[in-house]
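Please keep the sequence and the structure in view while working through the numbered points.

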Amino acid sequence: MSDVELWDELREGSRKALRKIYDSHFHYLYNYGRKIFQDTGLVEDSIQDLFVEIWQRHDRLGKTDSIRRYLAASLRRKIVATLKKMQKTQQVEGFEQIGFAAELAIEDILIAREMTEEQALRLKRAFDALSGRQKEVLYLRFYEGLEYEQIAEIVGIRYQSLRNLISGGIKRLRSELMAGIVWLWLMN
């Protein structure tokens, strides 16, 4: 069943469709939410709240051709809004550093690119030097394989701003990697 058909069933009031969407996307949403903010409780609560709201307004939902993209964008907005509310009423640990906690798995890099361990470590350090927003958009683009329009929808920025952010992230990666190579060359 396609995303369009499944979403239409949900919009018509099918609890079975809601369960199927929840079961198929919970793990992805949980992992994505944890990359936005590390608090597992907040992420789990946000996912539960998201699905409750979806069910409560299932008859007013718009159409979508990608359930995952719709849910990811909705979850991101929900987590950020919750953190902003919490910041106003209480001290939220780590709120200032809200970003994106994607990390490159060195083993995956080595296998995928046939790199040496030293090269993979340099790439990981360069990735860690990026801003949270740059990590998020590069993760969505190159690990999730999403198109620019899809990423812009998820993170809630204009298409051109997204292109600039990705371009800046790639330039920073290149710069960090080149600095590491020059440093190694000078040390030898």
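1. The protein chain exposes about 11,500 Å² of surface, and carbon and sulfur atoms supply 50% of that area. The model is predicted, and the values in this note are to be read with that in mind. Of the 188 residues in the protein chain, buried residues make up 40%.

2. The protein chain contains nine helices and zero strands. Read from the N terminus, its elements run α-α-α-α-α-α-α-α-α. Among contacts between residues at least 6 apart in sequence, 65% join residues at least 24 apart.

3. Which residues touch the most other members of the largest nonpolar core? They are Leu10, Leu71 and Leu140, in a core of 47 residues. Helices that each supply at least two residues of this core include α1 (3–11), α4 (67–89), α7 (132–143) and α9 (159–187). The largest share, nine residues, comes from α2.

4. Leu71 deserves a separate look. Leaving aside residues up to four places away in sequence, Leu71 touches Ile21, His25, Leu29, Leu50, Phe51 and Ile54.

5. The aromatic rings come next. The count of aromatic pairs comes to six. In one of them, the rings of Tyr22 and Phe26 have their centres 5.4 Å apart and their planes at 35 degrees, so the pair is tilted; planes count as stacked under 30 degrees and as edge-to-face over 60. Both residues lie in helix α2, four residues apart, which is about one turn of the helix.

6. Is Tyr22 buried or exposed? With a relative accessible area of 19%, Tyr22 is buried, because the cut-off for buried is under 20%. Phe26, at 24%, is partly exposed. Ring pairs link Tyr22, Phe26, Tyr30 and Phe51 into a cluster.

7. Tyr148 and Tyr159 form an edge-to-face aromatic pair, with 6.1 Å from centre to centre and 75 degrees between the planes. Tyr148 lies in helix α8 and Tyr159 in helix α9, so this pair ties together parts that are 11 residues apart in sequence. Tyr148 counts as buried at 15% relative accessibility, whereas Tyr159 is partly exposed at 35%.

8. The charged end of Arg68 sits over the ring of Tyr28, 4.0 Å from the ring centre. The charged end of Arg141 sits over the ring of Phe142, 5.9 Å from the ring centre.

Notes:
Residues numbered from 1 in each chain as written. Predicted model: local features only at pLDDT ≥ 70, side-chain atom pairs only at ≥ 80, totals over all residues. Heavy atoms only, no water. Core = buried A, V, L, I, M, F, W, Y, C linked by side-chain atoms within 4.5 Å. Buried < 20%, exposed > 50% of the residue type's maximum accessible area, 1.4 Å probe, protein only. Contact = heavy atoms within 4.5 Å. Areas by Shrake-Rupley, 256 points an atom, 1.4 Å probe, with all protein chains shown as cover. Phe/Tyr/Trp six-rings, centres within 6.5 Å; stacked < 30°, edge-to-face > 60°. Lys NZ or Arg CZ within 6 Å of the ring centre and 35° of its normal.
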